[in-house]
Amino acid sequence: MTDDGAEAPEKPTARTWLIYGLRIRRVEFLPLTLTVPLVPALLVSHSARELLSLNMLLATVVVILSIQVGNMANCLADREMDAIYKTRLSQAVYGLGVGSVVRQIAVTSLAAALIEGYLTFRTGHLDLLLIGGLWALLGMGYSLPPLHLNGRGIWQLPVLLAVYFILPGLFVLRAFEEPVSWAAVGVICGFACTNIGIIVINHAEDFPEDVLYSIRTYVRALGLTRALTLGVVMLCVGAGLVTTSILVMAGPNWGLVPYLIACLLGVRFVGKTALAVRGKSLEDGIVALRLRSKLAPPHTVLVGWTTVLLAALVFATR
């Protein structure tokens with residue numbers, strides 16, 4: 001994992017070290033990452049005091065740090081593959097030095113674990129340790145040996161849903177004193193499906209590199225067109241699950257209007273991308289896919305923040 005025969009890098013300047021450090025943490029995803037703790041917190045809180053509590057702050061920090069650990073581990077594991085297309089990520093890993101990246105992963109993981117332990121002590125919810133432990137195992141095992149969960153074919157999908165949305169959501173729910181409702185869990189699961197349904201485009205664009213390095217992702221297992229079609233299905237199922245759960249939890253809510261519009265835009269985007277690659281050769285399909293892949297992050301942010309708005313309006317009606 002750490003020794004690939006590369007020469008030791010020159011020591012980067014403080015500015016370059018900071019830029020590379022932010023790059024391997026994928027801070028461009030922070031607008032979406034912030035929605036991960038906000039949605040469950042708004043659904044479970046019954047007052048502004050609860051929502052702005054120290055428990056909420058600690059849980060949010062754990063979510064952000066843990067997701068960044070997963071991003072750094074992915075950059076570390078894929079450093080050679082990223083040199084082909086995602087050169088800025090590979091440049092950051094080699095610019096910092098593989099050993100430095102490993103140390104940053106270790107320090108960040110330790111910080112998240114310490115905060116998680118303190119939060120468990122504050123709340124008395126021992127299941128936070130179980131959730132956090134499973135989350136850490138799946139997150140580190142997603143890209144790194146010996147598990148390599150990103151190369152397990154279709155089984156990669158449930159791991160993605162769990163690591164980036166479901167387990168963080170459950171962690172935040174248990175950071176509060178309120179009991180966890182099945183409706184809130186339903187919203188979190190639907191939220192996971194809608195976002196991964198769009199992010200499938202970013203996974204699909206890595207198809208050639210995954211073939212070159214023999215990584216059997218769910219996109220390789222399904223093929224480009226079927227993977228993108230599955231993305232559309234996940235968007236529809238996720239939107240339906242969120243809508244049903246909100247109706248059970250709080251009844252009709254005007255927040256469903258912008259939320260469903262955002263989901264429809266997501267379905268349109270992923271569906272048109274599926275049509276753009278359908279019937280094309282792999283090479284032509286990847287070209288068409290990469291032309292559209294830069295539009296995926298704005299769609300995930302739109303779906304993510306309209307979900308936050310919906311949860312905020314549910315919170316406001318309490």
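A cavity is a set of grid points where a 1.4 Å probe fits but cannot get out. In this predicted model, the largest cavity has a volume of about 50 Å³. The structure also holds five salt bridges, a nonpolar surface patch of about 500 Å² and a cis peptide bond between proline 145 and proline 146. The points below take these features by topic.

**Largest cavity**

- A search of the whole structure finds two cavities of 30 Å³ or more.
- The lining of the largest cavity consists of Arg25, Arg26, Val27, Phe29, Leu30, Thr33, Ile64, Ile67, Gln68 and Asn71.
- By class, five of these lining residues are nonpolar, three are polar and two are charged.
- Helices α2 (30–33) and α5 (54–77) each supply at least two residues of this lining.
- Helix α5 gives the most, with four residues.

**Second largest cavity**

- The second largest cavity holds about 40 Å³ of space.
- Around this second cavity stand Met81, Asp82, Tyr85, Lys86, Asp206 and Glu209.
- Its lining has two nonpolar residues, four charged residues and no polar ones.
- Lys86 and Asp206, both in this lining, also meet each other in a salt bridge.
- Glu209, another lining residue, forms a salt bridge with arginine 290.

**Salt bridge between arginine 88 and glutamate 28**

- The side chains of arginine 88 and glutamate 28 form a salt bridge with an N to O distance of 3.9 Å.
- Arginine 88 belongs to helix α7 (residues 87–96) and glutamate 28 to the loop between α1 (14–24) and α2, so the pair ties together parts that are 60 residues apart in sequence.
- Arginine 88 is partly exposed, at 42% relative accessibility.
- Glutamate 28 is also partly exposed, with a relative accessible area of 37%.
- A network of salt bridges links Arg26, Glu28 and Arg88. Arg26 is also one of the residues that line the largest cavity.

**Salt bridge between lysine 86 and aspartate 206**

- The N to O distance between the side chains of lysine 86 and aspartate 206 is 3.0 Å.
- Lysine 86 has a relative accessible area of 22%, and is partly exposed.
- Aspartate 206 has a relative accessible area of 15% and is therefore buried, as buried means under 20%.

**Salt bridge between arginine 290 and glutamate 209**

- In the salt bridge of arginine 290 with glutamate 209, the closest N and O atoms are 3.1 Å apart.
- Arginine 290 is part of helix α16 (residues 282–293) and glutamate 209 is part of helix α12, so the pair ties together parts that are 81 residues apart in sequence.
- Arginine 290 counts as buried, at 18% relative accessibility.
- Glutamate 209 is buried too, with a relative accessible area of 6%.

**Nonpolar surface patch**

- Leu54, Leu57, Val61, Tyr118 and Phe121 make up a nonpolar surface patch of about 500 Å².
- Helices α5 and α8 (98–123) are the elements that give two or more residues to this patch.
- The largest share, three residues, comes from α5. Helix α5 also gives the most to the lining of the largest cavity.
- Leucine 54 lies in helix α5 and is partly exposed, at 37% relative accessibility.

**Backbone features**

- Most residues other than glycine have a negative phi, and most peptide bonds are trans.
- The peptide bond that joins proline 145 and proline 146 is cis, with omega at about 5°.
- Proline 146 is in the loop between α9 (127–143) and α10 (156–174).
- Histidine 148, also in the loop between α9 and α10, has a positive phi of about 45° although it is not a glycine.
- Histidine 148 is partly exposed, at 36% relative accessibility.
- Serine 214 is another residue other than glycine with a positive phi, near 55°.
- Serine 214 is found in the loop between α12 and α13 (218–222) and is exposed, with a relative accessible area of 62%.

How values were computed:
Residues numbered from 1 in each chain as written. Predicted model: local features only at pLDDT ≥ 70, side-chain atom pairs only at ≥ 80, totals over all residues. Heavy atoms only, no water. 1 Å grid on protein atoms, 1.4 Å probe; cavity = no way out; pocket = protein on both sides within 12 Å on 5 of 7 lines; lining within 4 Å. Points joined across faces, edges and corners; volume = space filled by probe spheres on them. Nonpolar A, V, L, I, M, F, W, Y, C, P; charged D, E, K, R; others polar. Salt bridge = Lys/Arg side-chain N within 4 Å of Asp/Glu carboxyl O. Buried < 20%, exposed > 50% of the residue type's maximum accessible area, 1.4 Å probe, protein only. Patch = residues over 30% accessible without salt bridge, like charges linked within 9 Å, V, L, I, M, F, W, Y side chains within 5 Å. Areas by Shrake-Rupley, 256 points an atom, 1.4 Å probe, with all protein chains shown as cover.
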